[in-house]
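Please view the sequence and the model below before reading on.

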Amino acid sequence: MSATILENLYSELDIAVFATSKNDFFTCITPPPSWLLHFYPTINKGSHLSQHELPDFLQHFMFDAEDHWQRKQKGQLKSGLWMEEGPAGSECLLEATAILVDDDRLLMLNVIDKDHSNRQEKQLMRDNLLTQEKLELEVHRRTQQIREREEEIAIKLIAAAGKRDEETGAHIRRIGLYSAEMAKELGWPQLLIDDIKLAAPMHDIGKIGIPDNILQKPGRLTEAEFEIMKGHASIGGDMLAGSDIPMLNLASVIANGHHEKWDGTGYPNGLKAEEIPEAARIVAIVDVYDALVHKRVYKDAFPEAEALAIMDEMAINHLDPNLYRLFISIIDKIREIKDQNQDDDV
């Protein structure tokens, strides 16, 4: 390609090209564009500039450009945009590019029109949004993996306890779904809603520490046996406490507190009213409801109207009355969960 063709090409592109030397001089090897004459009125092809005559931004860029040339790196090294004052006080956006061609150290300068700059900014915004989206997807993927591991832990723990208890898998599942529905209605964050859905089914996990002759006794327990049975709350709380997994810590709170009563006569700690953690108060309500409306080895199922009448009385001293009103307000959703998750023998 002839020198004339190259000169015409650079002229059409409105680019100024300088060859640099190790003595910090820059030789203009193309006819200077009109915009360059604003900054250097006497410059022409073949003119020299010293490095200290360059704009401040470009002088700083020369450290990176020098490293690029010395390392004989391929490709272009761009300075990024900077602004100088143009004719009549106008704003002039400039960009420099360092490139090595057959060991010739070239510095190209060109003016960037505002439309191009806006396009670059939009592209940068799109790139940033894409990067953010990728990061969010990765966080979601990893969070999902953690959630799946936590769910597996919960299932295995519940299964271990279930081998010794009469509770059905459907009952356990319903307790989690009921509790999540109430937490959602209370405006809990989604992460905590997901946690209680897994944690609530572990409310009776402490029964794994209760002797078979008491746990599986078909008739009424003696007073002494009931005192032993009451120990399942603190056993479960202790089993699940101290974990780095928030879901298990919530399960510990629920296991330890779901037999506390609003008037302070519950166990194991005799907590009263709002001293009882909200998650435990939620599970106390849904556990009573589910136990009343389903058949057990020691009783038949109550009709829902009768079960709710019993719970109305319990809301005076046993159940949190405010949460119980919330429970009643979403009773249609509770029924839907119940109907969709029936025991296998129903």
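Is Tyr-324 buried or exposed? With a relative accessibility of 5%, Tyr-324 counts as buried, a term that stands for under 20% relative accessible area, whereas exposed means over 50% and partly exposed lies in between (1.4 Å probe, protein chains only).

This is a predicted model, in which local features need pLDDT of at least 70 and side-chain atom pairs count only at pLDDT 80 or more, while totals for chains, interfaces and linings use all residues. Residues are numbered from 1 along each chain as its sequence is written, and side-chain values use heavy atoms, with hydrogens and water left out.

The structure holds five aromatic pairs, where rings of Phe, Tyr and Trp (its six-membered ring) pair if their centres lie within 6.5 Å, and planes under 30 degrees apart count as stacked, over 60 as edge-to-face and the rest as tilted. The table gives two of them.

| Pair | Centre to centre | Angle between planes | Class |
|---|---|---|---|
| Phe-57 and Trp-82 | 5.0 Å | 20° | stacked |
| Tyr-324 and Phe-327 | 6.3 Å | 20° | stacked |

Because Phe-57 lies in helix α3 (residues 56-70) and Trp-82 in strand β5 (residues 82-85), their pair ties together parts that are 25 residues apart in sequence; helices (H or I, at least four residues) and strands (E, at least two) are DSSP runs, numbered from the N terminus. Phe-57 is partly exposed at 32% relative accessibility, whereas Trp-82 is buried at 6%.

Tyr-324 and Phe-327 are three residues apart in helix α12 (residues 321-329), and so about one helical turn separates them. Phe-327 is buried, with a relative accessible area of 0%. Ring pairs also link Tyr-324 and Phe-327 with Tyr-178 and Tyr-289 into a cluster.
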